[in-house]
Amino acid sequence: MKIVEVPPSGPCVTGRHVGAGGLLLLHLQDLTETLQQQNQVQAEFRGTDEPCPYCPENDKQSDPAEDNFPRPVQPVQLPVFPWVQRSSLINPRDISAAHITKSHRKLLLKSTPLVQQRNVDPPGQIKENPERLTQVQQSRQRLMREVCAKYTSGSTKQTITRMHVSRIFVEDKHKLLYCEVPKAGCSNWKRVLMVLQGLASSTGEIQHDEVHYGNHLKRLDSFDQKGIIRRLKTYTKVLFLREPFERLVSAFRDKFESPNSYYHPVFGKPIISKYRSNATQYALRTGAGVTFKEFIQYLLDVHRPVGMDIHWEPVGHLCSPCLLDYDFIGKFETLEEEANFLLRSIGAPSNLTFPSFKDRNPNAERTSLDITRRYFAQLNVTERQRAYDFYYMDYLMFNYSKPFKDLY
């Protein structure tokens, strides 16, 4: 395995080509497009009143201990994780770019191993016992690896760039790597990491701004090449995610239905300008009042007026699961139970449990399956299908059922 330095990003790419005859497999492509788009958003954000919360940091943290890294460290077996069977890493550039047609999907899902893994852990059905949770992890890892294997060309070349690990936070004391997936409990996970790191005595005392703007946590891409490789080989790599449509609706409600001095001017203004006929001057000036249908039009547009954002980026882009082969795959639907199981497994303090409070808009109802369906009812069948296509690999890889019966 090697780390490849990537030159600065070029012009922002704002679209993905989706043909009428099928879906181009962009879900596991290299993350260059995503970071280029974030660079564009950072540039567009200059001049607004609030610090850009998700723009890449310019200052890299160094680790002097890594400068004299003697030799590659062999992978460490983790006895507390009996389900972990480390496999060879997969290059996302090897993912096939073939179109997925309706018949192709049916053929893929008829594969016996995948069928056996479908719906083995429906939301809310996990019981509180380590044996059951261990079996769930084994099933999730098998499914992830099988899906990844089906979308690779068989190349053995291993390439990891800093971009692939740019969303991963590092907690050295307990040897934990956590990939941030927004709208899947990431704010509270950052609080947990801060407590593990000794920066706070409890998660309840850490305010929202300290979590997101305090710059207290190290990212994996802030280390040198040897430090990145050593941690990827020896640390526990953790990923928590959420039902894709529910995560999307949660992001929309948070960023566009509540006052927001970043998302309204940066995303709302161009979305309203392009997709709303006879928009008022107030809407064009402020970017407030984006509808869910307009938001989906933006998401699915191959010529988006503004780039992507991590809050609705597919997990395959954010965390590169086929490349990094995560040791623990948790789900938002059973977040507290699985997070606490993980914390006990890594030897976290016994008084540290995963917090259950809502970080933003605490008085608003949490986005549920019923709320998600109400939002998607505003779309026609074609728009729902294309949205499902956009997140198809996340649905398949992480064992989420189709949210609507008329989808294929």
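# A guided tour of the predicted model

Start with the whole chain on screen: among contacts (heavy atoms within 4.5 Å) between residues at least 6 apart in sequence, 77% join residues at least 24 apart. This is a predicted model, in which local features need pLDDT of at least 70 and side-chain atom pairs count only at pLDDT 80 or more, while totals for chains, interfaces and linings use all residues. Residues are numbered from 1 along each chain as its sequence is written, and side-chain values use heavy atoms, with hydrogens and water left out.

Colour by secondary structure next. The protein has 17 helices and nine strands; these are DSSP runs numbered from the N terminus, with helices being H or I of at least four residues and strands E of at least two. Then colour by accessibility: 55% of the 408 residues count as buried. Here buried means under 20% relative accessible area, exposed over 50%, and partly exposed in between, with a 1.4 Å probe and protein chains only.

**Stop 1: the cores**

Select Phe267, Phe295, Tyr298 and Trp312. These residues touch the most other members of the largest nonpolar core, which has 71 residues. A second, separate core has 28 residues, including Phe169, Val195, Leu343 and Ala348. A nonpolar core is a set of buried Ala, Val, Leu, Ile, Met, Phe, Trp, Tyr and Cys residues joined through side-chain atoms within 4.5 Å. In soluble globular proteins, nonpolar side chains tend to be buried together.

**Stop 2: two disulfides**

Now show the cysteines. How many disulfides does a search of the whole structure find? There are two, a disulfide being a pair of cysteine sulfur atoms within 2.5 Å.

Begin with Cys148 and Cys322, whose S to S distance is 1.8 Å. The torsion about their S-S bond is about -90°, so this disulfide is left-handed. Cys148 sits in helix H4 (residues 130-150) and Cys322 in helix H13 (residues 321-324), so the pair ties together parts 174 residues apart in sequence. Cys148 counts as buried at 2% relative accessibility, and Cys322 counts as buried at 6%.

Move on to Cys179 and Cys319, with sulfur atoms 2.0 Å apart. This disulfide is left-handed because the torsion about the S-S bond is about -90°. Cys179 belongs to strand E6 (residues 176-179) and Cys319 to helix H12 (residues 315-319), so to speak distant parts of the chain, 140 residues apart. Cys179 is buried, with a relative accessible area of 0%, and Cys319 is buried at 0% relative accessibility.

**Stop 3: helix H14**

Select residues 335-345. Helix H14 is mostly covered, with nine of its eleven residues buried. Among them are Leu335, Glu337, Glu338, Phe341 and Leu343. What do the buried residues of H14 pack against? Their partners are H4, helix H5 (186-196), strand E8 (236-241) and strand E9 (328-331). Just after H14, look at Gly347, which takes a positive phi of about 80°.

**Stop 4: Phe332 and two lysines**

Step back to Phe332, in the loop between E9 and H14. Phe332 counts as buried at 17% relative accessibility. Leaving aside neighbours within four places in sequence, Phe332 is in contact with Lys183, Ala184, Gly185, Leu241, Arg242, Glu246 and Arg366. The C-alpha atoms of Phe332 and Lys183 are separated by 8.8 Å, with the two residues 149 apart along the chain.

Lys183 itself lies in the loop between E6 and H5. Lys183 is not a glycine, yet has a positive phi of about 70°. Is Lys183 buried or exposed? Lys183 is buried, with a relative accessible area of 18%.

Lys175 has a phi of about 55° although it is not a glycine. Lys175 is partly exposed, at 43% relative accessible area.

**Stop 5: H8 across H15**

Finish with helix H8 (residues 244-256) and helix H15 (residues 369-376). Their axes come within 9 Å and cross at roughly 75°; axes are lines fitted to C-alpha atoms, for helices over the stretch in contact, and angles run from 0 to 180 degrees between N-to-C directions. H8 and H15 are therefore roughly perpendicular to each other, the word used for 65 to 115 degrees, with under 35 roughly parallel, over 145 roughly antiparallel and the rest oblique.

Show the side chains at the contact: Phe245, Glu246, Leu248, Val249, Phe252 and Arg253 of H8 meet Leu369, Ile371, Thr372, Tyr375 and Phe376 of H15.
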